[in-house]
Amino acid sequence: MRLVSMGSRTLAILGGTPAFQQPLHVGRPNVGDRRRLAARFDEMLDRGWLSNNGPLVQAFERELVRRVGTRHCIPTCNATVALEVTIRAMGLGGEVIVPSFTFVATAHALQIQGITPVFCDIDPASHNIDPARVEALITPRTTGILGVHLWGRPCDTGALARIAARHGLHLLFDAAHAFAASHEKTMIGHFGEAEVFSFHATKFINTFEGGAVATNSDALAEKVRRMINFGFQGYDSVIALGTNGKMSEASAAMGLTNLDSLEEFVAVNRRNYECYREQLDGLEAIRLLDMHSGEPRNYQYVIAEVDDSGGGLTRDELLSVLHAENVLARRYFYPGCHRMAPYQRESAAPGGWLPNTDRVAARVLSLPTGCAVGPHDISVVGAVIHQALAERARVRAHLAQDPPPQAARPLATHAAGPPGRSSGPVD
Ligand SMILES: *Cc1c(COP(=O)(O)O)cnc(C)c1O
């Protein structure tokens, strides 16, 4: 692919016309064969079975198990409830060690049931929880470790498992980003006592809203199944506390349809990632996180780290340039859970607490990809980035004089925010 020449165009932030008429989003939903989806909806409506472990949910579960290979992969209404239920079913309490650099649902799933998330710093190279920093956080109240495979890149499951075993801790993974990925030739789903996937509309395989709990433990699976169905065992016998975490038939219809296209979605994501690499190759001020490995990955995130140490633009300056061009890149997961309102108290400690999280969260930019984004779009985004860096002095001067409203706005939310975020205008 060639670099697109933008000629003598003026950057939109400096008064030019935006490079894109329609916004280019991060996490625009991928949807497989619509006719198959419509047929599944017709069958579902004819059957009159819309929820409560219907045939589509059962088929979706079989397909998940076939792909992941775990004994169980239980569909749920979303990943947040799946995390809450799994945390409870595993018997976690007290304190659980978790990275701060993740979507806030990871921490909320603990805190909402009175368990304190103890935030661990990340390894700046992997963006994942740094096992070398976990042991120092263990107290008599610690009951478990909740790792996250950020951007679909597996965290150091081996080191975390050794720490958990040494201290008698439970181990669970938020695998919301890592469906269809593998680690050391083992599919994500098999690590720890359980792993939780998300099929939210913004994830590369979506069920509108949805998630799943993968585990090889029959006992844990039984508890989770009961807990997502109000604690029912049989028709009118409630034997435990529970909630409603069931997946609907409509969601499973979407899930089955999208799984049929999984290989195609991954191929598109991978092609997009490689297009971005080609566009941004050689730029020192912006570096893409390496997504390749010798193993299956889903490539659903294209993550750039913006480095202004050489006099380039800051991440937020570049974000303003891109937003002006209608390129709605996102600063996932800024500023880290430890700096969000429910958790700020814990982060009040002076002296650069979680320094790697703070530094990485200030640099990361998630770039638009998925089936709605093509090579030409990416070459235009690349050209905009090159131009912005070449004209950085003017961009800087302009932003200093006329700061974007975005800087004054509350923290950007994850695309899993209010309705419309995933498919409509984001900001
Ligand atoms: C999306 C996401 C979740 C929450 O998933 P939902 O299905 O939207 O509840 C949890 N953790 C991470 C890391 C996520 O990105």
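Trainee: What stands opposite valine 96 in β5?
Mentor: Glycine 144 does. The pair belongs to β3 (residues 95-99) and β5 (residues 142-148), which run parallel and share 3 bridges. Two strands count as paired if DSSP finds at least two bridges between them. Strands (E, at least two residues) and helices (H or I, at least four) are DSSP runs, numbered from the N terminus.

Trainee: And how far can I trust the model?
Mentor: It is a predicted model, where local features need pLDDT of at least 70 and side-chain atom pairs count only at pLDDT 80 or more, while totals for chains, interfaces and linings use all residues. Residues are numbered from 1 along each chain as its sequence is written, and side-chain values use heavy atoms, with hydrogens and water left out.

Trainee: In what order do the strands of the open sheet come?
Mentor: β2-β10-β9-β6-β5-β3-β4, which makes 7 strands with mixed pairing. β2 (72-76) and β4 (116-120) each have a single partner strand, so one side of each lacks a neighbour in the sheet. From one strand to the next the twist averages 25°.

Trainee: Which strands does β9 pair with, then?
Mentor: β6 (residues 170-174) pairs with β9 in the parallel sense over 3 bridges, and aspartate 174 has valine 196 as its bridge partner there. With β10 the pairing is antiparallel, over 4 bridges. One of the bridge pairs is serine 198 with glycine 211 in β10.

Trainee: Is β9 mostly covered or open?
Mentor: Mostly covered: 5 of its 5 residues are buried, meaning under 20% relative accessible area with a 1.4 Å probe, protein chains only (exposed is over 50%, partly exposed in between). Ala194, Val196 and Ser198 point one way, Glu195 and Phe197 the other.

Trainee: Which strands does helix α2 lie across?
Mentor: α2 (residues 55-68) lies across β2, β9 and β10, at about 140° to β2. Helix α6 (residues 218-227) lies across β2, β9 and β10 too, but runs at about 15° to β2. Those angles run from 0 to 180 degrees between N-to-C directions, with axes fitted to C-alpha atoms, for helices over the stretch in contact; contact means heavy atoms within 4.5 Å.

Trainee: Changing topic, how many residues of helix α9 are buried?
Mentor: 8 of the 10 in residues 315-324, so α9 is largely enclosed by the rest of the structure. Among them are Arg315, Glu317 and His323.

Trainee: What follows α9?
Mentor: Asparagine 326, with a positive phi near 75°.
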